[in-house]
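Look at the chain below before reading on.

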Amino acid sequence: MEMNNTTATTSSGVAKVILPLAAWFGLVTGLVEGTVLLALNKNGWLFWRLSNRAISLETIWISALFDLLLFTAVGLILVIVARCFRRLPIFWISIFVFVFLALFDWLLVVLYGKFRVYAILVLALGLAFEISRRFYRHDKSLTKFVHRSLPWLAALALVLLVGIQGGFWLRERTAIARLPQAAPGTPNILVIVVDTLRADHLSSYGYDRATSPNLERIAQQGVLFEHAFSTSSWTQPSHASLLTGRYTYEHDAELRPLDDRYPTIAEALQDRGYRTGAFSANVLFFTRRQGFGRGFVHFEDNFHSIADMAANTLYGFV
């Protein structure tokens with residue numbers, strides 16, 4: 001399809017011009033974003049606010065999927081604009097918008113925390129203007145390249161999704177297969193942690209309102225400890241103590257992730273044939289990246305809801 005401005009703005013095939021462009025830029029932006037985030041985070045080069053987000057192998061395909069959807073939505077808006085305002089140079093505008101969104105994304109990954117966001121925005125706008133002008137001069141070649149490479153990009157994103165998630169599944173299957181035989185009569189163990197919950201507001205501890213009837217029922221059937229104290233005033237070090245049985249000055253997980261100096265209760269249980277799993281709703285502190293995944297065959301923290309996936313991409317975060 002020829003990409004001259006008249007065709008792009010008057011033909012009913014305007015969507016066939018803009019939407020593949022949107023999908024191509026979205027996939028490229030997301031794949032680069034996820035890969036660079038992972039590499040910079042691994043080497044400790046990310047600004048702390050970005051490094052506190054969930055960044056792991058899943059980030060690569062999640063960023064690609066999120067940016068694909070984001071750019072496609074922008075493309076649909078541009079299609080509507082093109083049909084309402086036929087005299088606009090919509091192809092050049094589309095290139096400019098997509099290039100800007102891609103550059104702003106990548107520059108934020110590298111420069112966030114080092115420069116003001118508005119400075120990064122101005123830099124992205126200037127670079128996008130120059131690059132989009134060059135692209136527009138070669139509109140036919142660009143269009144042909146996009147149409148030819150888009151299926152390969154989509155295939156790459158799909159392979160990454162299947163490969164990464166399949167790798168996690170295979171690792172779990174392997175870990176389960178290698179578990180030793182549990183002793184006969186070994187009981188199931190369930191640990192429920194409710195972060196920042198005061199004991200004096202639980203009905204099982206004498207609160208006058210029935211705030212925790214299920215916990216009260218469990219307490220009546222088992223043992224209730226009336227005097228229990230946390231090793232710390234906040235989540236991360238107290239959970240590290242909960243898993244290791246060590247004081248905070250021993251495990252030193254106050255401001256950094258829990259290291260492997262001391263075995264965790266999950267590792268001890270796994271050595272006895274337990275199929276261990278953890279499910280965390282505290283996706284900031286009780287997470288794999290904070291060192292709490294050690295010993296768990298299965299650990300769910302981030303990336304298990306659409307909202308959380310979106311929040312851990314760059315545009316979702318910013």
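What follows describes a predicted model, beginning with a helix.

Helix H6 runs over residues 117-137. At 1.5 Å a residue, its 21 residues should span 30 Å, and because its end C-alpha atoms are 30 Å apart, the two values agree. Which residues of H6 are buried? They are Ile 120, Ala 124, Ala 128 and Ser 132. Seen down the axis of H6, the buried residues fall within an arc of 90°, so they line one face of the helix. Helix H5, residues 90-111, is included in what covers them. On the face of H6 turned away from the buried side sit the exposed residues Val 122, Arg 134 and Arg 137.

Now to the empty space. Rolling a probe the size of a water molecule over the atoms shows where such space is left.

The largest pocket has a volume of about 1,600 Å³. Its lining is made of 31 residues, and those nearest its centre are Ile 192, Val 193, Val 194, Tyr 205 and Ala 228. Two elements give two or more residues to this lining: helix H8 (213-221) and helix H9 (235-244). Sorted by class, the lining has 19 nonpolar, 10 polar and 2 charged residues.

The second largest pocket has a volume of about 800 Å³. It is lined by 30 residues, with Val 191, Gly 277, Ala 278, Phe 279 and Phe 296 nearest its centre. Helix H7 (139-177), H9, helix H11 (265-271) and strand E1 (277-279) each give two or more residues to the lining. H9 gives the most, with 4 residues. By class, this lining holds 18 nonpolar, 8 polar and 4 charged residues.

Methods. Residues numbered from 1 in each chain as written. Predicted model: local features only at pLDDT ≥ 70, side-chain atom pairs only at ≥ 80, totals over all residues. Heavy atoms only, no water. Expected span 1.5 Å × (residues − 1). Buried < 20%, exposed > 50% of the residue type's maximum accessible area, 1.4 Å probe, protein only. Arc of directions from axis to C-beta. Contact = heavy atoms within 4.5 Å. 1 Å grid on protein atoms, 1.4 Å probe; cavity = no way out; pocket = protein on both sides within 12 Å on 5 of 7 lines; lining within 4 Å. Points joined across faces, edges and corners; volume = space filled by probe spheres on them. Nonpolar A, V, L, I, M, F, W, Y, C, P; charged D, E, K, R; others polar.
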